[in-house]
Amino acid sequence: MFTREDTRAVKGLAVLLMLFHHLAYTQSRWPVGFAGFASPLWKGFIEGGYLTDMALTALLCVSIFFFLGGYGLYRRWESGRFSLTSAILKLYHQYWKVFFIFVPIAFLFFARSGEGINSLCTRYVVTDPKAFLGDFFANLVGYSSSFNGEWWFFGYYLCMLALGVLFCMATRKHRYFLLDVFLVFAIDIFSQHVMPGLTGTDALSSMRGTFLYTHFLNFNAYSLALFMGIVCAKYNLLEKLKGRIAGTSFPKLLSAAGCATILLFRAYAANGAIDLDVILVPFLVAFVSTLFDGARSVKACFRFLGRHSANMWLIHSFYCYYFLEITKIVYCTSNVWIDYLILVALSLGTSILLELFYSALGRVWAGMRGSKRRKAAPARS
């Protein structure tokens with residue numbers, strides 16, 4: 001079986017991969033003055049580029065999130081419980097919970113300018129109130145991610161949900177797995193190769209860079225995994241893969257070897273080819289889920305992280321890139337693993353506090369509404 005709890009556990013792993021990628025991959029985003037990471041055990045791990053390779057491969061997390069999104073979409077759509085409007089409103093609710101706390105904090109307390117500061121830390125300086133107003137509403141609805149560059153995922157995911165529903169409707173009567181997989185590859189080829197060629201002509205050149213083009217025709221390559229998630233849910237592929245793995249003599253060993261093989265292949269043989277994620281991710285998810293099934297306490301920890309994965313995604317880059325004083329705390333040592341634990345702890349801890357805050361706010365609101373109803377009751381009688 002591949003349940004909602006399995007999905008949460010895999011999301012927990014995916015968000016850890018995301019934080020690792022953003023911490024360790026791009027040197028240009030490190031705080032000014034940070035000398036870089038150094039390995040206390042094996043110097044070749046850093047100098048040989050293995051850390052960079054690991055951090056780049058961790059970008060599989062984006063495809064994993066899209067894949068799980070498509071998988072869940074189809075399960076709800078098939079059962080008749082899916083509403084595109086409700087799904088979009090739920091996403092905005094999650095997004096705005098962080099937006100209305102962190103965006104004011106960013107502009108009030110972390111507006112920095114001057115020399116010797118990474119340019120990422122200077123984006124909250126307001127020089128044109130009118131331009132700020134436009135940026136505010138563009139970021140509020142997910143049209144822009146200028147307030148936090150890592151929030152690009154939100155706008156794409158909203159659009160991919162709509163395309164995912166259309167894909168479900170278009171393939172409703174299909175009963176051939178390979179036909180649906182071929183359709184996913186056809187969408188990939190059309191989006192990533194045909195459309196750029198067409199918009200290279202004079203007649204269609206004006207389409208390049210428009211919102212409709214980038215989000216519905218030449219969309220982000222990682223988002224193609226959403227369609228594969230739909231196909232895997234339709235044909236119960238994850239359950240079948242897990243069943244095959246569990247039926248072997250050493251399922252845990254096979255799963256661990258499978259995970260390692262996929263990650264090494266993605267890092268070195270495929271040279272980071274995003275197009276292959278639609279093939280690699282279903283197998284990786286099946287292997288990881290099988291490993292979790294054999295370690296309940298570990299799975300519980302990852303489920304907990306999965307419940308906070310959306311908040312951690314929305315929050316962590318403020319600490320990693322944009323809040324100058326906090327970036328210095330995150331990058332306080334040259335040991336990547338210590339700094340990584342600091343980033344995870346800050347992101348998870350903030351998510352927990354955020355949920356406690358909104359929970360308390362909800363109780364206060366409910367109490368106020370209950371009090372009003374009790375006062376109004378005698379008047380109605």
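A: The following account begins with the packing of the helix and then turns to its charged side chains.

This is a predicted model, in which local features need pLDDT of at least 70, side-chain atom pairs count only at pLDDT 80 or more, and totals for chains, interfaces and linings use all residues. Residues are numbered from 1 along each chain as its sequence is written, and side-chain values use heavy atoms, with hydrogens and water left out.

Two packed helices are described by the angle between their axes and the distance between the axes. The axes of α1 and helix α13 (residues 277-293) come within 10 Å and cross at roughly 105 degrees. α1 is therefore roughly perpendicular to α13; that word covers angles of 65 to 115 degrees. Helices here are DSSP runs of H or I with at least four residues, numbered from the N terminus. Axes are lines fitted to C-alpha atoms, for helices over the stretch in contact, and angles run from 0 to 180 degrees between N-to-C directions. On the α1 side, D6, A9, V10 and L13 meet V285, V288, S289, F292 and D293 of α13, where contact means heavy atoms within 4.5 Å.

Side chains of opposite charge can pair when their charged atoms come close. A salt bridge is a side-chain nitrogen of Lys or Arg within 4 Å of a carboxyl oxygen of Asp or Glu. D6 forms such a bridge with K299, at 2.5 Å from N to O. This pair links distant parts of the chain, since K299 lies in helix α14 (residues 296-307) and D6 in helix α1, 293 residues apart. Both K299 and D6 are buried, that is, under 20% relative accessible area with a 1.4 Å probe and protein chains only, whereas exposed means over 50% and partly exposed lies in between. D6 and K299 also belong to a network of salt bridges that includes K242 and D293.

Another salt bridge joins E5 and R8, whose closest N and O atoms are 3.3 Å apart. Because E5 and R8 are three residues apart in helix α1, about one helical turn separates them. E5 is partly exposed, at 29% relative accessibility, and R8 is partly exposed at 29% relative accessibility.

Beyond α1, L41 is placed in the loop between α1 (4-24) and α2 (44-47). L41 counts as exposed because its relative accessible area is 82%.

Methods: Helix = DSSP H or I, 4+ residues; strand = E, 2+ residues; numbered from the N terminus. Parallel < 35°, antiparallel > 145°, perpendicular 65-115°, else oblique.
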